[in-house]
Structure formats: C-alpha cells, structure tokens
Amino acid sequence: MKPTDIKNPEYFHKVVDCQHACPAHTPVPEYIRLIAAERYTDAYMVNWRSNVFPGILGRTCDRPCEPACRRVRVEEEPVAICRLKRVAADNKDDITDRLPKIPSKSNGKRIALIGAGPASLTVARDLAPLGYSIDIYDNQFAGGGMMRSQIPTFRLPVDVLDEEVNYILNMGVTTTFNIEVDSLKEILDKSYDAVFIGTGAPRGKGLNLPGLEDAMSNVYLGIDWLSSVAFEHTRSIGKRVLVLGGGNTAMDCCRTSRRMGGEDVRVVVRSPFDDMKASPWEKADAAHEGIPIFNNHVPREFVVEGGKLKGMNFEKVEAKYDEDGNRTLIPIENGMVFMEADDVLMAIGQENAFPWIERDLGIEFDKWDMPVVDKVTFQSTNGKVFFGGDSAFGPENIITAVAHGHQAAVSIDLFCRGEDVNKRPPPQVTLASQKMGVHEWSYDNAVENDQRYIVPLAPLQKTLKDRKVEVELGFDIAVGFKEAERCLNCDVQTVFDELRCIECDACIDICPTDCISFTTNGSEDDLRSRLEAPAPELSQDLYISADLPTMRVMVKDENVCLHCGLCAERCPTTAWDMQKFLYNVSQAGQ
Amino acid sequence: MSYQVPKFRHPDLPQNDLGYTKADYEGTISTLCAGCGHDSISGSIVRACHELSIEPHKIAKLSGIGCSSKTPAYFLGQSHGFNSVHGRMPSVVTGAALANRDLVYLGVSGDGDTASIGMGQFAHVARRNLNMVYIVMNNGCYGLTKGQDSATADRGSASKKGDPNIYSSIDLCGTALQMGATFVARSFSGDKDQLLPLIKAAMSHRGFAVIDVVSPCVTFNNNPQSTKSYEFVREHSEATGTIDFVPMHKEITAKYQPGSSHEVTMHDGSSLRLFKADESLNPFDRRSAITALEDHRYSGSILTGLIYINEDSRDLHEVLETSQRPLNELDETDLCPGNKMLMNINASLR
C-alpha cells in the first residue's frame, strides 16, 4: 500500500466518526470537550456555526453520529452526543453578542427563500451576514417549518424553537408569513438574484383500503394531524386510536394521541419490530408511555358499522429474508385480526409535491415529477433556483436540511458573485500538537469506563396530562460532565513521523487495543491478514507510513484506536504525536 | 502522564486454548522510560505465555533488582511473583522450584543483577541445571543509577555521557555454556519475530534455559558510540538461523523443504524446527557453540538466535531424584515415617 496522505483533510476527518457521520459535519469532540470544561457558551457556538439549531437538535436530532461513535466498537453504548448538545444549549449564557454582525448596508443582492424551515433558515443565517437582502415566505404563522408543525411540544418546547429561529429572523430578514406561495413564476418575476426552495416534503401518504370512504371522518394523515394539533385546531382524539406506520412520525402520533384523550393507543406496523424506521429511543419512549407496538400486521380494511368507523382488520404476516436480505411478508394462515378504533392515524410516509412550480421556468423535472437538483451545489437546471432540505431529494431530517442549507448558501453566494458554483471552497482545517510536557497532553486522554448515563424523565402522570410538558429533562451539569468524559477524543489524531522512529516497538506493546503493527508492506488484503490484531472492518482505514530503516512500515488500524495517547507517551523520539484535528466545512463567504 | 492503561481491548482478540486473551496475561502499566527495550521483552513474554496457553496461576515470575527486575510488575499480572534481593533471584527460584516442581519458573534479571552482583548465583544455577527460564535484559549499563557501564558493556563502547569502556566484557551466553546451561540463546528486544519463539522454546525446555536479550537503554545507552543501541544491534546482529515453535497438540501445517531444517522434540511434546543460516554452528554441540560465539566476538558482530540446546538435558529434580509429587503437596503422613519405623532405625543404631 502507498503511504497514507495525512495532508488530505478527508483522511483524518474520517477518523472522527461522529463528525464524519453528521451531515453538517459538526465538530463533535471539540464541543464535548468544551462542555467538560464547563464552557457551555463556547460549546454552543461550535454547534451553532455547524448546525444552527443546537437546542432544537439537542432534543430532536436523528443522531446519525451516535451509531458511528467509536465507543460502540469497544463497548455497548455510544456517547450521548445529542443530549450533550442539549447540555450546551441549556447552560449557555446570552449569545447575542457572539452572533455574526449584520452589515448596515446591503450588498445589493436579493434572495427569496420559500419555506421557513431549517434549510431556508440556514441559508438566511449564512447569507444575511454577507449583506444579502433576504425575503422569507411561509404558509405558517411563524418560522420553523416542520420543526414547529410536526415535532410535538413535549419533545421540543416552543420557547426553545422560537429562540433559535429568532436568532436568524432577527438578522434583518424580511418575513412574509401566513401566505401560500402558489406560483414560483410570481416570485421570479420579482427579479430576485436567486431563489431557494425549502418547502419540505409536505404531503402525507395515505392507504386506500376498502371502507376508507365511509371511515374518512375518523381517519387522518399523520403529519397533517400533528400540525393541526400544534396549531391547536385539533384538541382531542377518540379513546381508542390506531396509528399505522413504523417511523418517527408514527411515534409522534401515538404519543401525542396519549395526550389528546387516547387511552388505548396502538401502533400497528407491517414490518418486524427491528426493521421499523423509527429511532430506537423513540420506540422506547412510546413503550414507556404504555403504547404497544403490534408488528407484522398488514392493514387490510376499515371496518365501518352504521356509517361509523368501528375498527380495522389486519393480516398477520411473517417476514422472510432472502440471501440478499430482501424481505417478503408471508401471510400467516387464519391470521386475520380485528382491532377496535375510534380514530386512525396514517403515518406511513410523506413526499414532496410541487404543484406551485410552473413547468416552463427552465426547471427540469424527472420521471417521478421531482426537480433535477445537483447533489453538491443544490442548483436546479434554472441557475437562479436552488433547492434544499426535504424538497431537494425527499424526506430526511433536520440536520440534513441544515447541511443542504449551508451548501446551497455557498452556491448562491458564488452564483451571485458570478463565480462557478462547482468550485467548492476547501474545508477549514487545523492540526496542532497537544503536547504540553514530557507525558502531558492538553486534552484529557484518560479513557473513562463509565456506561452511558440515563437521561431523567418528567413523571408520566404529569407529561401525559399536558402535551406541552417536556418529557426529557436533560442531563444536569454533573451528569453532563460525566457523559462528556466518555468521549474518546477521536479528533486528537495519532500522527506518525517515520523519520523519527527508531523501531523500538514501545507503541505496539502499550497499545491497549493492538492497533499498531510494524511489518513488511503488502496489498491491503494481505496487510489486514497479518496485523497484531484482526482488522476485518474494511470501512475503517489503515494508516500506512513510508518505509522504515528495516524496510518495514508502520500500519495502524484506525478501527478501535482509543486515542488514549499511550503510543505517543511511550515513544522515546516523539515519532508519535497527538495532534488535534479541527475540521470545519467552509461556509458562504469563507 | 498516564498511570493506567484503558480497560477497553480489541473486541476480536484471539483466545488461546484456555479461552484467555492476551489481555489476561498483561500486568500494570510500565513505569520504565518510554522506548525501553525491557517493555518489548515484557510484551514478548505476555504473548509467549498466551500463545502457549499456560494457565497464569501455573507461572511464577521472579526477579532481583534493577530496571529489568521491575518488569515482572508489567506482565503476567495474575501469576505468582517474587521480587527478591539484588543478584539473589536464582536462590529464590531454586527454593521455590524444589518445593513445587509443577510451576513454570521465569526468572528475569539484568546485566548488573546477573553479571556483577549475581554472577556467583548465575554460575551455580546454570551448573545445577535448574528447570527455569532465565531472561537477561541486557542493556550494558546501570540505567537505574544513571547509566554507568555494566560488566556486559563491550570494551570501547561508550554510553551517552561516558568515556569508552576500558574493561573486557562478560559474554553471558559464553558463561552459561561454560557453566553447563542446557539451552542458550541470544536475542534482541527489537526483534520479536526471533525472540517470541525463543521464549516459547525456553519455556518448553526442561533444564536451565537462558536467553540473553540485548535491550537498549534509550535514556543512557542508545547513542552512536554504544554497541547496545537499537541501531548498532540491528546493523551488527547475525542470526544463527530462524526457529519455528510448534506447541504440543498442534498440527504442523507449514511445509518445509527437506534437509533445510532440523526438528527437535521438546520435553513437553512440543517441537522446535531449526532453520540454520550459519553452517559452521552446530547448536547441538557445545564446543561448536563456544567457537561460534568466539568467532563472532572476534569479528565484532553479535550472534543471535538459538546457540545451544541439549536435547538430553537432565534437570535438577531428575539429578536429585526428588519426588514426582511436588514437595509442598506432601503432608505429614507422606513425610513422617511413623513411630514403628523410628523405633526400627533407633534399634539399628543401638
């Protein structure tokens, strides 16, 4: 293998698994260290720069970072990254003087943002400080998009939402709320320099089963019902509620139902429990509130009696998987099950819809009637029009929308300055030694053995009575510190200098996880087969040095490195050094 | 400064026949200087014991005084240990081995502990052919007292702050051969591929097995003027050949060229396969081994690898015809001949 090019920022970026997995590439270990140092405001701002909504995401994020956390490769549970983010948000001081200054004079460019959800707000956050005039249009009465209409208040209190939305709306942004944009042409006719579309995936999917027509008055689309609750148009639901679907919307629907009068609330899902799309912790939260999940039940018909919904029939199935993991649901004999219901919520998916975009504006639509959007620049085939969030490539999550927003803002800025949107700015990277003394590091290199801490919850009697009472109480400062100490500091990189190495083997002997080997070079497959410890995880790179005097090379399997720094401590010649790698995705104007 | 090694280990560490991983044979974190050769030797001992599937409680590790003699704290944390008096480790092992012949005895010593204060003990334990492994962590200097030349420092070699050594050096392999050791090897801390099978073979040998391991002192004796530096040893060592150690009950899977190797069946049923690099040395012949050592000393190179092995070794227990059952398991009924026997003896003396 060729020596690893550690000058390529993507190499070490990949080693920071949580940050790499985060769509917005938030420097997770950096802010966790700040939390451990009780520098909550600094930790908050590290987050705010990358993901714009630390308080919101600290409660609602889908957490792609957590399954990626290195700790799950050496023990059971990842660091509670999401909840630590909330610790930063809960304990920060006033941040208004840390927000970017908005120039008093506009740069003369006008941008329209359609939709005031996380994607659009991110574009505004990046472009307003550069002097762009920004107009936001949204059909709700306030900003936030689906964060306001679909995330229940017991998960995300309105004041947390308002605070973080308002940081952006207060950047001199012009808002036009309560208006349904029904023509993109009209917007374009207002001669904006660029238009960003962040209208989400607002259309819930339904199930057209026998009996639906007669049952219609008691059957709702999940996301529509949730927003109706959020905007207080709906104030109650029947005692017996069936929620169809296995995603996070289904979990929000069933838990909200419990607070709106539902007593016998059931989630019924076609797939096996483990295949459900809902995050494991959301399933656990539903179970905690006494909501059973019936898996392997395929809905077959609405049962109506005397013109009124009486319940639903389901067919029990068994999941079979073929060699490629493809699933087939095989009906079980005599497997028809009837469940009573007063109301049914359908939360089986949602999709984009653009009836308001005229098809003669130069925006190409594909065979699924979705706009053709560049995956990197987020530009449509009409150079002026950009898409982001769920409206670009279908339903994802908040953090993905934020990541889109940042990249779209970079593109809009390049576009408005007449530059090539495909010339993306490189990431901002620093790599600095953490050596303080002979065996002393400026990060806490000791590895804590603690198990993941459990977040306290408000009592059920209280939370089920009032949908506005937040369920999770968040870590207090003491537990937050302990949880923060579980972080392995994967951004503090083991950097090897072959010119200094005397091949004394000290690093091999001390490494607690046997990551380091010195051996003759070979192909990757060959090398992986003869390292100090098995290295079967192909997604994790091997760090290869240039040839050493004995014609061997140093090979480090990044997979289970604890970043404890012992290799560098035991190195007599400082051939190993622990260097902090800070990686920030470049934003508009940088 | 880290005072403890993280608890987490590689999730796929191989298990030995007893179900233990390498981690079960580790000790506490080393307090030796970073880069000390002794730590590499500790690492090799850990691996050897793991790969040999020796139950940790069936090993006793003993040492004297010095940097080397601190290392038993850093390996085999679940085995018996005795950190004895300077240069007196062989006496303690002798006592322990006579009391309980069922343990594997691993003595760890340094060049000071062996070649200076412990020279007499070393000579006598070798000539008695006590069943033990005697590892010398040989760095040619007194690291614990700031690097003065030791008795194994070569004439003309200089430590970091010292003048060239004016005295002749003691060759511990030569001494051991002269004294009657039945397994003699030399290795280098920085060459685990060679050291590991040697330690395993030494542990399977019945009799006195000494391995003189050149182990550079990074702090005081790793400079260009030293003949015990990493660089010098790498450039000047000449191996007698390579050896493969095949534990007992393990099938020999490697294919060997006929005639290129020699197989030795060890006392415990394992086997040792020698691949000779140096045709002039016959490791089964003591005179040949002594000559090879002298030749290499004359040419200024360091002879490493297995230097001598006596396949017909008879250890101290055999020579003394001691009980097959360890002495410490014999109780009063075994040891006391009884009143009748005593009366008989007394009567015979009247």
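## Two domains in chain A

The C-alpha centres of domain 1 and domain 2 of chain A sit 32 Å apart in this predicted model. Going by the domain assignment, domain 1 of chain A is built from two stretches, 101-202 and 352-416, while domain 2 of chain A covers 204-348.

Where do the two domains of chain A meet? On one side there are 6 residues of domain 1, and on the other 8 residues of domain 2. Sort the domain 1 side by class and you get 3 nonpolar, 2 polar and 1 charged residues.

## The parallel sheet of chain A

Chain A also has an open sheet to look at. Its 5 strands run in the order β3-β2-β1-β4-β15, and the pairing is parallel. Which strands stand at the edges? Those are β3 (174-176) and β15 (385-387) of chain A. Each has a single partner strand, so one side of each goes without a neighbour in the sheet. On average, and ignoring direction, neighbouring strands here are turned by 20° against each other.

Strand β2 of chain A, residues 133-137, pairs with β3(A) in the parallel sense, over 3 bridges. In general, strands of a sheet pair through backbone hydrogen bonds, in either a parallel or an antiparallel way.

## Where chain B touches chain A

Now for the chain-chain contact. It brings 24 residues of chain B together with 30 residues of chain A. On the chain B side, α1 (37-51) and α8 (230-236) each supply at least two residues. The largest share of that side comes from α1(B), with 5 residues.

What classes of residue does chain B bring to chain A? The side of chain B that touches chain A splits into 10 nonpolar, 8 polar and 6 charged.

## A helix pair in chain B

For helix α3 (residues 89-99) and helix α5 (residues 119-127) of chain B, the angle is about 35° and the axes are 8 Å apart.

Who does the touching? From α3(B) come B:P90, B:S91 and B:T94, and from α5(B) come B:Q121, B:F122 and B:V125. By class, the contact of α3(B) with α5(B) has 3 nonpolar and 3 polar residues, with no charged residues.

Key:
Residues are numbered from 1 along each chain as its sequence is written. Chains are lettered from A and ligands numbered from 1 in the order in which they are written. This is a predicted model: local features need pLDDT of at least 70, side-chain atom pairs count only at pLDDT 80 or more; totals for chains, interfaces and linings use all residues. Two residues are in contact if their C-beta atoms, placed from the backbone, lie within 7 Å. Helices (H or I, at least four residues) and strands (E, at least two) are DSSP runs, numbered from the N terminus. Ala, Val, Leu, Ile, Met, Phe, Trp, Tyr, Cys and Pro count as nonpolar, Asp, Glu, Lys and Arg as charged, and the others, Gly among them, as polar. Domain bounds come from an automatic or database domain assignment. Two strands pair if DSSP finds at least two bridges between them. Axes are lines fitted to C-alpha atoms, for helices over the stretch in contact, and angles run from 0 to 180 degrees between N-to-C directions.
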